[in-house]
Amino acid sequence: MSTLRALALTLLGAAALAVSVTACSSPAAPAPDAPQYTPASTTTLAGHWIVSDSYNSPDQPFLTFEHDGTWTGSDGCNNAIGTWSMDSAGALTTTSGPMTRIYCDGAPLPMYLIDAVSARYDGTNLTLIDHDGKELVSLHHPASTETPVPQGTDDVTGLWTGIENGRQRLLQLTMNDDGTVKGNDGCNDFTSTWRFAEDGSVSFSKLAITSRTCDGVVTWLSGAASAVLDGTTMVIRSQYGAQLGTLTYHGPA
């Protein structure tokens, strides 16, 4: 009996070893393909970004990251500005100023940016990621056919004027071809610089302005941050995208 028992144990051990060797030698199941994301960097993040969808809104929703650490954006109706920074691991930190709440068809890109803590870049698309690792939105650089060209006046340089509503005060804005601006808002003189933004609008830098006090003067022109050209009319907008007023083109200064 002891011999038979020993033989049985030997055969059982050999069978277990064979099963173990067979299991270890089986090839592992191939892992599914995963998206090859890399963290965005200050270099890849900088630039103008839009969504793929089109909306029935005044503007194409966009985010623009400047190399100086500022950003601008729009949901299609409301403009926003702020600051941004990114570390080497792709962690994103942003601030934002106040934003108007005009409702229209669009994509809430400024809100997505505020909620984002990191960004991924796959060589074409930029994806904003929130605290929970959820993908908020995917963006891409506009193709040349998606970039609006400046509308209306071929030559923006020259003298633009307007009359303050209800008062006979002349508003003046002189756009020079060297990128400088001089003007008067009906009370104070100011200087600034201008350039064409990527969306085709005119963008003004912060105005340097005198500090005279004029009773009863609504100095809206001194709040100019951007403008849209429509033929011989320039529509002046605030830093939040609100329309402040209009000026009329009078030719070269």
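Two strands count as paired here if DSSP finds at least two bridges between them, and strands themselves are DSSP runs of E, at least two residues long, numbered from the N terminus. The model shown is predicted, so local features need pLDDT of at least 70 and side-chain atom pairs count only at pLDDT 80 or more, while totals for chains, interfaces and linings use all residues. Residues are numbered from 1 along each chain as its sequence is written, and side-chain values use heavy atoms, with hydrogens and water left out.

**View A. Strands 10 and 11 side by side.** Strand 10 (residues 158-163) runs antiparallel to strand 11 (residues 170-175), and six bridges join them. To find your way, look for Gly162, whose bridge partner in strand 11 is Leu171.

**View B. From strand 11 to strand 12.** Strand 11 also pairs in the antiparallel sense with strand 12 (residues 180-184), through four bridges. Here Leu173 stands opposite Gly183. Four residues lie between the strands of this hairpin, where Gly179 takes a positive phi near 90°.

**View C. Two of the aromatic pairs.** The structure holds four aromatic pairs (ring centres of Phe, Tyr and Trp, the last by its six-membered ring, within 6.5 Å; planes under 30 degrees apart are stacked, over 60 edge-to-face, the rest tilted). One of them is the tilted pair of Trp160 and Tyr249, at 4.7 Å centre to centre and 50° between the planes. It links strand 10 to strand 18 (residues 243-249), across 89 residues. Trp194 is buried at 14%, whereas Phe196 is partly exposed at 35%.

Conventions
Buried < 20%, exposed > 50% of the residue type's maximum accessible area, 1.4 Å probe, protein only.
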